[in-house]
Amino acid sequence: ETLDPQLVAQQIAAVLEDIPPQAVKTGALGNAAIVEAVASFAFDCPLVVDPVMISKHGAPLIDSDAQDAVRRLLLPRATVVTPNAEEAAALSGIEVRDPASMREAARRIAEFGPKAVLVKGGHVEGEAIDILFDGSGFLELPAPRIDTRHTHGTGCTYSAAIAAFLARGFGLMEAVHRAKAYIARAIATAPGIGSGHGPVNHWAL
């Protein structure tokens, strides 16, 4: 059972009326009706779309109708969209397995209309390289791969950090650079909670 889309819209309207945001980030939206509810608002600020579609284990998190709604309704309005490799593959229609295919996927996703695309390389073999495409050129953001199982929420935290830095007034390139450094510290200093995939350290400022 999912949230009532009307309730979601009412919650957004209450926040916008009381404390207008300096940036907005979307995450797991559940279904097409909720995507449509979110997209019905004209956010007068940077919009970070984290297309939470496929888990790190490859499990689908939304159905095909919701994926289509994200492409049609949210990507054209995004300041930046931040798919992982599996989500980039689903959005672009190509296999994403290395930096070259990450670049091609970013190009294809950019055709849906976002101002920029950040393909995250955490699920790609080798060094943890993320690739940012702003419509005219590419920026590679490398980081050493950290040997840890405590990476739960990494992608969501990364995109939230980008939104936070945009809200503070940084340009997109600087916001992404700062968010990349933050998430690397957050993974490296993860508290090691629990016996499964524990959370990163959200206080790694």
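**Core and strands**

Modeller: In the largest nonpolar core, which has 40 residues, those that touch the most other members are Val38, Phe43, Val49, Leu74, Leu75, Val96 and Ile109. Such a core is a set of buried Ala, Val, Leu, Ile, Met, Phe, Trp, Tyr and Cys residues joined through side-chain atoms within 4.5 Å, where buried means under 20% relative accessible area (1.4 Å probe, protein chains only). This is a predicted model, in which local features need pLDDT of at least 70 and side-chain atom pairs count only at pLDDT 80 or more, while totals for chains, interfaces and linings use all residues. Residues are numbered from 1 along each chain as its sequence is written, and side-chain values use heavy atoms, with hydrogens and water left out.

Biologist: Which element supplies the largest share of this core?

Modeller: Helices (H or I, at least four residues) and strands (E, at least two) are DSSP runs, numbered from the N terminus. Elements that each supply at least two residues include α1 (5-18), α3 (64-74) and β4. The largest share, six residues, is that of α2.

Biologist: Which way do the side chains of strand β5 (residues 130-133) point?

Modeller: In a regular strand, side chains alternate between the two faces of the sheet. In β5 all four are buried, with Asp130 and Leu132 pointing one way and the other way taken by Ile131 and Phe133.

Biologist: Which residue of β6 stands opposite Ile131?

Modeller: Strands pair if DSSP finds at least two bridges between them, and β5 pairs with β6 (residues 138-141) in the antiparallel sense over four bridges. Opposite Ile131 stands Glu140.

Note on methods: Buried means under 20% relative accessible area, exposed over 50%, partly exposed in between (1.4 Å probe, protein chains only).
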